Amino acid sequence: MKFKYTILYVENVSETFSFYEKAFGLKKKMLHESGEYGELDTGSTTLSFSSLKLMNELGKNPAEPNPKAPTFEIAFETDDVETALANALDPGASLVQDITQMPWGQTIAYVTENNGFLVEICTPVRP
């Protein structure tokens with residue numbers, strides 16, 4: 001078994017791509033001609049987005065994210081959390097937790113992205 005991808009359900013896939021490009025420096029890997037599904041180039045595990053409209057048409061009836069009560073997070077690793085956090089806040093991410101040094105050697109910060117999903121920006125764990 002291999003973890004291949006995560007799909008987040010969003011209102012507008014194209015707008016989400018634009019936000020992730022500006023906030024996190026990620027590039028589009030593919031966008032279906034319908035605009036209802038696409039993937040970002042994130043390395044070996046793919047981060048995908050599917051429209052709420054498409055998921056409803058497929059009978060999945062997804063809920064929208066609740067920034068005040070997240071049920072999961074996405075994590076992006078970097079050696080420079082301060083710069084990455086500033087880059088995420090500039091196009092409109094909302095600060096949830098400012099830069100914090102963790103006892104296990106990691107530096108972290110949290111934001112919510114344009115759809116309300118929780119995103120961790122972190123350094124590698126350094127024991």
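Which strands each supply at least two residues of the lining of the second largest pocket?

## The model

This is a predicted model, in which local features need pLDDT of at least 70, side-chain atom pairs count only at pLDDT 80 or more, and totals for chains, interfaces and linings use all residues. Residues are numbered from 1 along each chain as its sequence is written, and side-chain values use heavy atoms, with hydrogens and water left out.

## The second largest pocket

The strands in question are β4 (46–51) and β5 (73–77), and β5 gives the most to this lining, with four residues. Strands here are DSSP runs of E of at least two residues, and helices are runs of H or I of at least four, numbered from the N terminus. A pocket is an open set of points on a 1 Å grid over the protein atoms alone, where a 1.4 Å probe fits, with protein on both sides within 12 Å along at least five of seven lines; its lining residues have an atom within 4 Å of a point. Among the residues that line the second largest pocket are F3, L47, F72 and E73.

## The largest nonpolar core

A nonpolar core is a set of buried Ala, Val, Leu, Ile, Met, Phe, Trp, Tyr and Cys residues joined through side-chain atoms within 4.5 Å, where buried means under 20% relative accessible area with a 1.4 Å probe, protein chains only. The largest such core has 24 residues, and those with the most contacts inside it include Y20, L47 and F76. Helix α1 gives the most to this core, with six residues.

Leaving aside neighbours within four places in sequence, Y20 is in contact (heavy atoms within 4.5 Å) with residues including L8, L47 and V119.

Note on methods: Buried means under 20% relative accessible area, exposed over 50%, partly exposed in between (1.4 Å probe, protein chains only).
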